[in-house]
Each structure stands twice: as C-alpha cells, then as structure tokens.
Amino acid sequence: MTDVIDKLVLYFQYPFVRYALIVGVLIALCSSLLGVTLVLKRFSFIGSGLSHVAFGATAVAVAMNLTNSVIFVLPVTILSAVLLLSAGRNAKIKGDAAVAMISVGTLAVGYLIMNMFSKSSNLAGDVCATLFGSTSILTLSRTEVWLSAALSVLVIAVFLLFYHKIFAVTFDEDFSSATGIRAKTYNLLLAVVIAVVIVLAMNLVGALLISALVIFPALSAMRVFKNFKAVTICSVAVSVVFAVLGILISVIAGTPVGSTIVAVDIAGFFAFSLTGFIIRRV
Amino acid sequence: MPQLACQDLTLGYEGKTVVSGLSFTVNTGDYLCIVGENGSGKSTLMKTLLNLKTPASGQILTGGGLLQSEIGYMPQQTAVQKDFPASVREVVRSGCLNRCGLRPFYSKTEKQIAEDNMEKLGIADLAKRCYRELSGGQQQRALLARALCAARKIILLDEPAAGLDPKAAADMYALTAKLNSEGTTVIMISHDIAASVKYASHILHIGAGTALFFGTKADYLKSGAGRAYATADGGEPA
C-alpha cells in the first residue's frame with residue numbers, strides 16, 4: 001500500500017499529472033450535469049454523434065495545420081448540436097437516423113482527411129489518441145488547462161442559473177412553451193452547452209468514449225434516487241469520484257486514462273443497480 | 001370583450017388542411033368543451049390556441065389583457081414522463097416558472113402557490129413521492145396542480161380523463177367544474193360526451209373538416225350534430 005502512495009506522491013510532483021486531475025474532475029462534473037437532461041430527453045445518442053463530429057472537425061483542423069484546434073472544432077460542434085437539437089421532431093429524417101448519419105459520416109470523412117493530409121509519421125497513433133484520448137489528457141498545456149477551466153465554469157454557471165427552466169423543458173416542453181417559457185431558446189442553450197462539454201471531454205476520454213461520461217453517472221443515479229435534484233447531485237458526485245478513481249488507477253497501473261474511467265463508471269453502474277434493486281425489495 | 005375569439009381559423013400541418021372555418025368566442029367564466037372524432041383537429045386547435053402552432057389562416061384574438069403567462073395547460077402525458085425521476089413537488093412547482101422571469105429560483109410566494117394547489121387537489125401528502133410511481137389519477141392531479149400554478153385566468157385541458165378509471169375520471173371532471181365555478185375559464189377537449197354536456201356551458205363540435213356546431217349546451221342538445229353524436233356515443237343526452 002505504501003508503494004502505491006509513494007508512487008502517487010512521485011507522480012503528483014509532475015505538473016501534467018496535476019493538470020490531468022484538475023481537468024478530469026471539471027469534465028466529469030460538466031458532463032454529468034448535462035447527462036441527466038440528455039438521458040431523460042432521450043438524447044443519449046446525441047453525445048456520441050456530436051463527438052464524432054468533433055473528431056471529423058479535429059481531422060480538418062490537423063489538415064489545416066491549426067496550432068489550437070479548439071477554435072475550429074468548437075464552433076463546428078456547436079453548429080451541429082444546434083442543427084440536431086432544433087431539427088428535433090419535425091425533421092424529414094427522424095432524430096435517431098439523423099444522428100446516426102452524421103455520426104458515421106463525420107467519422108469516415110475525418111479519418112479520410114487525416115489519411116490524406118496528415119504529415120505525421122505516426123498516423124495510427126494520432127487517430128487512436130483522438131478516438132480513445134489515450135495520452136492527450138497528460139499532454140495538456142497550461143493554456144489548455146485554463147481554457148478547460150473557463151469553459152467548465154461557464155457550463156456550471158449556465159446550469160445553475162437555468163436549473164429550474166432546464167427541469168421544466170426536460171419534463172414537458174409543450175407545457176413550458178404554452179405557459180410562456182421560451183423552450184426553444186433553452187433547447188438551443190442546451191445544445192451549445194452540450195457541444196462545449198463534448199469538445200472538452202475529447203481531451204479526457206477521446207471521441208468514442210464521451211457518451212459513457214455523459215450517460216453512466218446519470219443512469220447510475222437514476223437507479224437509486226427518485227427526484228430530479230437528488231439525481232442531479234448524485235450523478236455529479238458519482239461522476240467526479242469515478243473520474244478521480246479512474247485517473248489514479250490509470251496513473252498507477254499504466255492503463256489508458258479514458259477507458260479506465262469508463263470501466264470504473266460501468267462497475268459503478270452495476271453497483272448502483274444492485275443498490276436500487278435492494279432498496280426496492282426492502 | 002371576449003377573453004378569446006377565433007375568426008375563420010384554418011388549421012393543418014405540412015400543407016394539409018385538417019379543419020377550416022372555425023369561429024368561436026370564449027368569455028370569462030365559460031366552460032367550453034371541444035368534442036369530435038379522433039383526427040378531427042381538436043388537439044391541433046388547442047395547440048394553436050396555446051401558440052404552439054401557427055394557424056394556416058384566420059386569427060386568434062385575446063381580450064382583457066390575457067397574456068401567455070396567464071394560461072394554464074394540462075397536456076396529455078408524454079412517454080418521457082413515464083420514467084422521469086421527479087417528485088410531485090418539483091413537477092407542481094414548475095408551473096410557477098412563468099412568474100419567475102429571469103430569476104433563477106422560486107420565491108416564497110411561488111412555493112406557497114404550489115403548496116396551496118397541491119392542497120386544493122388533495123395531493124399534498126404525495127409531495128415528496130416520485131411522480132412515475134403514482135397511479136394514473138394521482139399523476140393527472142399533479143399535472144392539473146401544475147397547470148393551476150400557471151393558470152391565472154384560463155386553463156386548457158387536453159383529455160384530462162384519458163386513461164383513468166371511471167371513479168378517477170368523475171373526480172377529475174368534478175374538480176374542473178369546481179375550478180370553473182371559482183371563476184377560472186375552462187377549455188377542455190373531451191371524448192366523454194356525457195360528461196361534456198353535464199359540466200360545460202358551451203360546446204364546440206368539430207368534424208368533417210369544419211365546425212359542426214358552436215353554441216351553448218342547451219342549443220347543442222337540440223341540434224342535429226349534438227343528437228347524432230350523443231346517440232352514436234351511446235350516451236343519453238343529459
């Protein structure tokens with residue numbers, strides 16, 4: 001045990017490990033805040049669709065030799081989120097099909113562009129890093145840490161300020177607009193915030209695994225708690241604790257950060273399901 | 001001046017007309033029942049009255065300074081709500097949201113309004129219970145309490161008795177009648193012609209793409225449309 005602690009103390013002397021932990025916690029917090037709403041609105045898949053858009057955009061940014069890809073990836077992802085969420089129920093191509101289409105389309109085109117334009121000698125490694133986030137969380141620069149922190153604060157502020165409105169719009173959109181709440185505006189706001197979270201989370205777990213960060217904490221919390229406030233608080237707590245745990249395990253065991261966090265989330269989900277089952281039986 | 005007046009409304013979606021030539025007025029304190037077959041455009045009409053849809057032509061005039069934020073609405077339940085983790089109190093309070101403006105939290109007054117409405121509908125003891133675990137009748141009461149929080153002048157109900165057992169349905173109608181007698185204008189969509197003619201003051205009967213009848217209950221029962229529909233429904237005209 002002392003071995004493990006010594007190892008951790010050693011690792012935490014390096015700033016990049018500390019950065020990884022800070023950004024990891026912030027991302028886990030933001031994604032779980034929105035997760036509850038996304039799951040309840042039946043939008044779980046949108047997270048995954050948008051992350052593929054972000055992957056495609058990253059590929060384009062790499063091809064254009066942008067030093068800071070976020071300035072390109074973020075607007076593109078926000079735009080896609082707005083299109084997907086606002087098309088909603090009235091679109092000619094229904095929600096899930098539209099998401100699936102955009103999702104695989106951008107993935108394929110992204111990989112194609114990376115192959116055609118990348119000057120990197122380690123293409124497979126680059127692609128793997130973007131998809132699974134293998135090392136990117138450990139290579140964050142100071143600027144990126146500040147950017148992540150600023151965006152997270154923004155997401156949390158929006159959520160706190162509009163908490164009741166988000167609840168109302170999630171529970172019953174028609175009622176909200178009928179009684180004078182601007183449901184469309186709040187949907188738009190949600191879309192923007194979701195896009196920001198996705199782009200942030202790409203650093204931590206990579207494009208393919210983002211949905212897990214969004215969905216698992218919310219679903220775990222919903223197994224046990226039965227009102228919106230408790231579910232939201234529990235899901236945030238669960239997400240942050242599991243992210244920290246995942247990062248620590250990956251540092252000690254040398255496993256990839258993203259998939260380790262997701263594995264902890266999955267284990268947590270089963271633990272919560274069991275707890276919920278026992279509570280209902282007693 | 002009527003609270004709500006519709007002039008020659010045409011409703012439809014994707015270029016298809018569902019119903020046209022709708023003209024009717026609702027005065028303060030009226031109890032209007034909208035009846036008609038499935039697909040006749042009742043729900044579309046209600047959504048248009050609520051500004052959720054725009055009419056293809058014609059206009060809706062509101063009188064007496066009726067604002068969007070003074071309307072209560074009780075929609076039919078959606079699939080999303082069936083497994084939504086929310087307490088009854090959270091659901092009912094969300095009806096007060098249109099009083100908040102940009103303020104992020106509920107004021108004391110708004111919380112009290114929610115408590116009063118739960119009390120009024122006899123669900124105060126369920127306040128902490130999870131919405132999805134309630135019986136159909138209790139869920140409808142929670143939605144009605146939420147609508148009441150938003151309704152300061154007028155309340156619109158879309159088949160409030162749908163899916164309820166006869167006892168719960170009768171309770172629901174009695175509650176709405178009580179609200180109406182206390183001064184709230186009621187507009188209700190209903191399949192239940194017997195209950196409609198029992199409680200309503202006015203009837204709007206839509207069918208065959210147009211308004212078959214609009215007028216007071218007494219006139220409706222004498223009219224051809226009323227008699228045909230009441231008999232077809234198997235109910236005796238009250």
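Predicted model: local features only at pLDDT ≥ 70, side-chain atom pairs only at ≥ 80, totals over all residues.
How many Å separate the centres of domain 1 and domain 2 of chain B, taken over C-alpha atoms?

**Entry 1: the domains of chain B**

Domain 1 of chain B comes in two stretches, 1-66 and 153-238, while domain 2 of chain B runs 83-152. Over C-alpha atoms, the centres of the two domains lie 25 Å apart. There's my opening number.

**Entry 2: where those domains touch**

Next I checked the contact between them. Domain 1 of chain B puts in 11 residues and domain 2 of chain B puts in 8. On the domain 1 side, I find strand 6 (154-158) and helix 5 (166-181) of chain B as the elements giving two or more residues. Helix 5 of chain B has the largest share of that side, with 4 residues. I also sorted the domain 1 side by class and got 7 nonpolar, 2 polar and 2 charged residues.

**Entry 3: over to chain A**

I turned to the fold of chain A. Helices or strands? I get 13 helices and 0 strands.

Along the principal axes, I read a C-alpha span of about 55 × 50 × 30 Å.

I then looked at burial, and 50% of the 282 residues in chain A are buried. For contacts, I took pairs at least 6 apart in the sequence of chain A; 74% of these join residues at least 24 apart.

**Entry 4: chain A against chain B**

I count 25 residues from chain A and 24 residues from chain B. Which elements of chain A give two or more residues to this side? They are helix 8 (163-171), helix 9 (173-178) and helix 12 (228-253). Helix 8 of chain A makes the largest contribution there, 6 residues. By class, I have 14 nonpolar, 5 polar and 6 charged residues on the chain A side.

**Still to do**

The size of an interface is often given as the accessible area lost when the parts come together.

Note on methods:
Residues numbered from 1 in each chain as written. Chains lettered and ligands numbered in written order. Buried ≥ 20, exposed ≤ 12 C-beta atoms within 10 Å, placed from the backbone. Contact = placed C-beta atoms within 7 Å. Nonpolar A, V, L, I, M, F, W, Y, C, P; charged D, E, K, R; others polar. Domains from an automatic or database assignment.
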